[in-house]
Amino acid sequence: EKEKKEQEAKDKKFKDSMAKVDELEKEGKFREAWIKVPDIAEYPEKADELRKRKTSLSDKFATPSLFGATEEAAPEPP
């Protein structure tokens, strides 16, 4: 019984955290959302889901690559 309550509390905390991540993502605050994604060590059973979420968020706020920046910055000669 005690373990069941602990598991339910843990699941609720996870769902609340992910809801906050969704909210921040909708506001365009990708870095803050990435930080709010729960740690994989806390939820090893949801490791794949957490990794995918962090990857998708980091792709949205990742700095442009050096090559991408130089291609955009280089004007074409007339």
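Me: How many aromatic pairs does the count come to?

Reply: A pair of aromatic rings is described by the distance of the centres and the angle of the planes. Here the rule takes rings of Phe, Tyr and Trp (its six-membered ring) with centres within 6.5 Å; planes under 30 degrees apart are stacked, over 60 edge-to-face, and the rest tilted. The count comes to one aromatic pair. Keep in mind that the model is predicted: local features need pLDDT of at least 70, side-chain atom pairs count only at pLDDT 80 or more, and totals for chains, interfaces and linings use all residues. Numbering starts from 1 along each chain as its sequence is written, and side-chain values use heavy atoms, with hydrogens and water left out.

Me: What does the protein chain average in pLDDT?

Reply: pLDDT is the predictor's confidence in each residue, from 0 to 100. The protein chain averages 79, and 78% of the residues score at least 70. Over residues 68-77 the value is below 50. That stretch has zero contacts (heavy atoms within 4.5 Å) beyond near neighbours in sequence.

Me: How many helices and strands are there in the protein chain?

Reply: Elements are DSSP runs, numbered from the N terminus: helices are H or I with at least four residues, strands E with at least two. The protein chain has four helices and zero strands. From the N terminus on, the order is α-α-α-α. Among these elements, helix α1 (residues 2-26) has the highest mean pLDDT, 89. Helix α4 (residues 66-73) has the lowest, 46.

Me: What share of the contacts joins residues 24 or more positions apart?

Reply: Take the contacts in the protein chain with a separation of 6 or more. Residues 24 or more positions apart account for 54% of them.

Me: Which residues have a charge over a ring, Lys46 for one?

Reply: The test is geometric: NZ of Lys or CZ of Arg within 6 Å of the ring centre and within 35 degrees of the ring normal. Lys46 lies over the face of Phe14, 4.9 Å from the ring centre. Lys54 has its charged end over the ring of Trp34, at 4.2 Å from the centre.

Me: How many salt bridges does the count come to?

Reply: Side chains of opposite charge can pair when their charged atoms come close. The cut-off is a side-chain nitrogen of Lys or Arg within 4 Å of a carboxyl oxygen of Asp or Glu. The count comes to seven salt bridges. One of them joins Glu27 and Lys29, at 3.2 Å from N to O.

Me: Where do Glu23 and Lys20 lie?

Reply: Both are in helix α1, three residues apart, about one turn of the helix.

Me: Where do Arg51 and Asp48 lie?

Reply: Both are in helix α3 (residues 47-61), three residues apart, about one turn of the helix. Salt bridges that share partners also join Asp22, Glu25 and Arg53 into one network. Arg51 and Asp48 meet in a salt bridge of 3.2 Å, N to O.

Me: Is Asp48 buried or exposed?

Reply: Relative accessible area decides (1.4 Å probe, protein chains only): buried is under 20%, exposed over 50%, partly exposed in between. Asp48 is exposed, at 53%. Glu23 counts as partly exposed at 42%, and so does Lys20 at 35%.

Me: What percentage of the protein chain counts as buried?

Reply: Of its 78 residues, 17% count as buried.
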